[in-house]
Structures are given as C-alpha cells and as structure tokens.
Amino acid sequence: MKYRVQIIALLSIFNIGLVSGQSSLANPESIVPYNGNYLVSNIGQKLDAELGGHLYVILKESDCGIIEESHYSYNTTNLFHYGFIDSFLGGMYDGGYTYENLLNQGSFGLGAPDKLDGEVTILDGIAYQTRVSGNTSIPENSEKTPYAFVTNFSKDSEFILEEVNSKELLEKKLDERLLNINGMYAIKIEGVFKKMKTRAFPPVMTKPYPELGSMFDKQVFFNYRNIEGTLVGFRLPQFIKGVNIPGYHFHFISKDKSKGGHLIEVEIGDVKIEIDMIDSYSVKVPDQDEFKKFDFNKDRSPDVRKAESGKNK
Ligand SMILES: [Zn+2]
C-alpha cells in the first residue's frame, strides 16, 4: 500500500501553501503530523518547525482513488488558570476556586490543594490529590484549590521515547521536538517508568502561612520503581513568569490512581508522548481579600526554580 501525503499548511506568513510527497510507510499513523520522521526526513527540520501543529491531510490512495482521508489539525486549545504562582509562593494557600468550576474549564492539568496539603494532578476530568502520607484521593467537587491550571487535552502530535535515564534528558529530548521556545505545550507521557521520584508538601496549619521558600525542607519525597502511569505536564515560556512556572512542570498519577505527586526525577523505559499546542491562556483572578493586598513586586524566580526542581538551593 502506498500513501500519498499532502501537507497543507495554513500559515500565511511563510506562504508555504501546499507541499506533497510520497511515502510507502506501512502505517499512516506513523506519518505523524508536526514531528514525524516523514516530515523531518523529507521536508526538513526547519519546515517541520514552521508547519508545526497546523493542518495536515493524509490521503491513503489506491488505484481506485482516495480510500481514506485523515485530518490532523491544530486544535484551538486554551489553558485556563486560577491564581498566580507568585502569590501562591507568597503563602496564598487558601482555596478560592472549586474543583467543579475548574473541571468545567479543562480535564488535564496541575494544581495545589487547599492549604497546600499535597499536590494535585488532573487527568481525564478527575482531580487527584496526593498527600505527604503518599495517599492519593479525589477531592470533593465543592472543595477549593488555591492554584491550578487545566486544558482540554487534544493531541496534535505523538511520538515514542525509549530509555531516557533522567528528567534533564527527557526535557532535552522534548526541547528537540518543541521548537517554538515561546510556544505553550501540554504534554502527556504514558507508559512504564523505571524510576520515579515525586514529592508533596505538608499542609499549613496556622496563619500567617509561611512562604513556600521557607518550606522546602518539609517536602516529602516518594520513590517508585517500574511504575505504570501518566505524567501530566506542560512546557511554558518565560513570558508566563509571575503567573505560572516557565519551563517544564510535571505531576504523576499512577495507573491504579493510588500514587502521584510533583515530578522530581524520572527514568523512563518505554513511553508514548502526546503533545497539545496551546494557543491561548486565560487567568481567573482570585477575589480573596488577601489577594487584593498581595504585593507582586518581589522577584520570586529563585523560589519558582526550587519549587519546580524540589532542590532547596
Ligand atoms: Zn507541581
């Protein structure tokens, strides 16, 4: 079977128009849009980057004509966010937005529980809270989060990654694919993880709450081996500073939904990675009195890095 591949890029600034070519790949699904080998080897990395995520049409053709037509498009994807990373780091851990409202905005995302009590991972429309005990449970819809962001994940491209022995290398491999340094990407990684280290924060008890910068020695870490599950994550650009964490940020939820946490370190065996390009970002501004007085002048970049990496230095 031969497949004729037409790549239609609706990208007027590059004026690419229509590019087409032939492929005898056995499986049309392997001619993946955006980052597939076919695109990379046949029309070049640069064009691939410029085409990234726009409209592709793959036509499966026989002597009788077109027998199958697959469309891959750049779905419009909004990232909805409640709260701000800087006010969260500054101690605003009281929930202000219900999970019910949050899940109406998206089914895939990350967050923090009320009073910092662990970590929140949102997958397939369900929020999971992993506490310092290691227990993972589903908060009530009426419970509130102080800080969370969600999207409706809709895959724009996918690829397989094997044998990556560190988080640093995983990020490097992703960087090789996600070429727009100012792009916003949702990233779903599913499979078996040889090693996984996650963390959760303990709850805060009395006000005034300590700033997160003074709580890094209270993080609790979890180490897992050969664990199956999903990393829910994002790569966000520098311009998002103050609102969210620039760079990569992943949380884990195990397949049996009993384990999770914020990703600190990982070694992967064989995983499938799906990418959804995000093209808009909306922020729901908290209406808590505390927020109305919060001073955003302080540069919290060092604490942002510590919070993401889990390293108190
Ligand atoms: Zn996190």
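In which strand is the place of Glu-163? Glu-163 sits in strand β13, which covers residues 157-164. Strands (E, at least two residues) and helices (H or I, at least four) are DSSP runs, numbered from the N terminus.

## The model

This is a predicted model, in which local features need pLDDT of at least 70 and side-chain atom pairs count only at pLDDT 80 or more, while totals for chains, interfaces and linings use all residues. Residues are numbered from 1 along each chain as its sequence is written.

The protein chain has seven helices and 18 strands. Of its 313 residues, 41% are buried. A residue is buried if 20 or more other C-beta atoms lie within 10 Å of its own, exposed if 12 or fewer, and partly exposed in between, with C-beta atoms placed from the backbone. Two residues are in contact if their C-beta atoms, placed from the backbone, lie within 7 Å. Among contacts in the protein chain with a separation of 6 or more, 74% are between residues 24 or more positions apart.

## An open sheet

Seven strands form an open sheet with mixed pairing, in the order β10-β9-β8-β7-β12-β5-β18. The edges are β10 (136-137) and β18 (280-284); each has a single partner strand, so one side of each lacks a neighbour in the sheet. Two strands pair if DSSP finds at least two bridges between them.

Strand β5 (residues 78-82) and strand β12 (residues 147-151) run antiparallel and are joined by three bridges. Here Tyr-82 stands opposite Ala-148 in β12. In a regular strand the side chains alternate between the two faces of the sheet.

Is strand β9 largely enclosed by the rest of the structure, or left open? Four of the five residues of β9 (residues 126-130) are buried, so this strand is largely enclosed by the rest of the structure.

On one side, β9 pairs with strand β8 (residues 119-123) in the antiparallel sense over five bridges. Glu-119 has Thr-130 in β9 as its bridge partner. The two strands form a hairpin with two residues between them, and Asp-124 in the turn has a positive phi of about 50°. β9 is also joined to β10 by two bridges, and these strands run antiparallel. The bridge partner of Gln-129 is Ser-137 in β10. The hairpin of β9 and β10 has five residues between the strands, and Gly-134 there takes a positive phi near 95°.

## The nonpolar core

A nonpolar core is a set of buried Ala, Val, Leu, Ile, Met, Phe, Trp, Tyr and Cys residues joined through C-beta atoms within 7 Å. The largest one has 60 residues, of which Ile-122, Ala-148, Tyr-185, Ile-187 and Val-232 touch the most other members. Strand β17 (residues 260-278) gives the largest share of this core, nine residues.

Residues up to four places away in sequence aside, Tyr-185 touches Leu-178, Phe-234, Arg-235, Ile-275, Met-277 and Ile-278.

Ala-112 is in strand β7 (residues 108-112). This residue is buried, because 24 other C-beta atoms lie within 10 Å. Beyond four places in sequence, the contacts of Ala-112 include Phe-88, Glu-119, Val-120 and Ala-148. Ala-112 and Phe-149 are 37 residues apart along the chain, and their C-alpha atoms are separated by 9.6 Å.

Glu-168 lies in helix α5 (residues 167-177). With 12 C-beta neighbours inside 10 Å, Glu-168 counts as exposed. Glu-168 and Glu-267 are 99 residues apart in sequence, while their C-alpha atoms are 10.0 Å apart in space.

## Backbone exceptions

Most residues other than glycine have a negative phi, and most peptide bonds are trans. Leu-116 is not a glycine, yet has a positive phi of about 65°. Leu-116 is found in the loop between β7 and β8, and counts as buried, with 24 C-beta neighbours inside 10 Å. Glu-163, also not a glycine, has a positive phi of about 50°. Glu-163 is exposed, with 10 other C-beta atoms within 10 Å.

The peptide bond from Lys-207 to Pro-208 is cis, with omega near 0°. Pro-208 is found in the loop between β14 (184-200) and β15 (220-236).
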